[in-house]
Amino acid sequence: MNNKRLIKPLCTLTVLLAIVNSGIAQSETKLPVINIANSPKVTKVISTDSDPYFVITKDTVSSYGPRSITRNMQQDKNGNMWFATWQGIMKYDGKEFTNYTLKENLIRFHVFSVLKDRSGNLWFGTIRGGLYKYDGVTFTLFTTKDGLVSNFIECIQEDDKGNIWIGTDEGVSCYDGRSFKNYSTKDGLSNNFVHAISQDRNGKLWFATHGGVNIYDGKSFTAFTKTDKLPFNNVRSIIEDKNGIIWIGSQDGLNSYDGITLANLTRNFIGYIFEDSTGNLWLSEGEVNLKDNTWHQDTGMALTKYDGKSFTKIKNDRQLFGITEDSNGNIWFGTDNGVWRYDGKNFNNFSKMRNE
């Protein structure tokens, strides 16, 4: 690998991971269970605090895509693309874009995250507005009144048991279809601001937080932080690839962990990491000022592809967010001015404001 800097030995990481992998029984966190089986269906706008960042649009259905910040996207089982935007929840059927926040009269809060679960349901996380579940017919809203730890939702992940994990600014909520269990720094998280969640092939959950990385074995959390002399400051993304390698993106760059060695591949800020169907990694990457080790937003970002040997910058933009792949192999990514689709040669962001 080019530009790789191996970090050996990682005594703290090795010892702590050995403890996690040893299967040693640890005390189970006791949490209150709140039943929300009868959470109401949403049929009209719910009275709540206004969102000053929600972008008001006139058209419910349009031939043009979102023209605001688009954080994440997901393809549903029917091939439609769904977008988490500052304009709300939007769907693209290949011909038209429909704003479901307007169409279904949902609460007008900007949307940050989206997940498709194993049953085909879609989950949408809003910033300060709570969590929506969409079963293809009805939207159901969950908030702190129903047991969520916070209405500020950054990420959503399904585990191998079908539980839905929700990362927020106040910790993590786990929803088993009936009730929530909530976890925070009191239960072992290194920081309550959770940016990403992933599950590895051994069933352990990995949490990317503002203060480091956490592993949850079903009973307790193990934390790896900057104070352990690890490059885990402001961790924004974490995934396991097809080969079982854990990839960690943060303000300190891109790191991989193979179960033994932690390797640093780049010092640039990494916002999102996505693995495509052929094993390439796609990154939203920003340059870091090495003098003060900070990332400056005004320097812009790049959509970068890593094939396991080298990094290739595909497109530069002011801001880049979530990345995904559709069933045809197209790469979609969000920006501060809508969503782009890349077919390997050409780009389209579906906006009459700018096209390529």
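The structure described here is a predicted model. Its secondary structure comes to 2 helices and 33 strands. Of the 356 residues of the chain, 56% count as buried. Among contacts between residues at least 6 apart in sequence, 47% join residues at least 24 apart.

The chain averages a pLDDT of 86, and 81% of the residues score at least 70. Over residues 1–48, however, the pLDDT is below 50, although this stretch has 98 contacts in the model beyond near neighbours in sequence. Where pLDDT is low, the predicted coordinates should not be read in detail.

Strand 30 pairs with strand 31 (residues 331–335) in the antiparallel sense over 4 bridges. Within this pairing, glutamate 325 stands opposite isoleucine 331 of strand 31, and threonine 324 stands opposite tryptophan 332. The hairpin of strand 30 and strand 31 has 5 residues between the strands, and there glycine 329 takes a positive phi near 85°.

On to the next pairing: strand 31 and strand 32 (residues 338–342) run antiparallel and are joined by 5 bridges. These two strands also form a hairpin, with 2 residues between them.

How many residues of strand 31 are buried? The count is 5 of the 5, so strand 31 is largely enclosed by the rest of the structure. Ile331, Phe333 and Thr335 point one way from the strand, whereas Trp332 and Gly334 point the other way, and all are buried.

Asparagine 105 has a positive phi, near 55°. Its place is in the loop between helix 2 (100–103) and strand 8 (111–116), and with a relative accessible area of 30% asparagine 105 is partly exposed. Lysine 229 also has a positive phi, of about 60°, although it is not a glycine. This lysine 229 is found in the loop between strand 19 (221–225) and strand 20 (235–240). Is lysine 229 buried or exposed? At 76% relative accessibility, lysine 229 counts as exposed.

Cysteines complete the description. A disulfide is a covalent bond between the sulfur atoms of two cysteines. With a cut-off of 2.5 Å between cysteine sulfur atoms, the count comes to 0 disulfides. Cysteine 155 counts as buried at 7% relative accessibility, and cysteine 174 counts as buried at 10%.

Notes. Residues numbered from 1 in each chain as written. Predicted model: local features only at pLDDT ≥ 70, side-chain atom pairs only at ≥ 80, totals over all residues. Heavy atoms only, no water. Pairing = 2+ DSSP bridges. Buried < 20%, exposed > 50% of the residue type's maximum accessible area, 1.4 Å probe, protein only. pLDDT = per-residue confidence, 0-100. Contact = heavy atoms within 4.5 Å.
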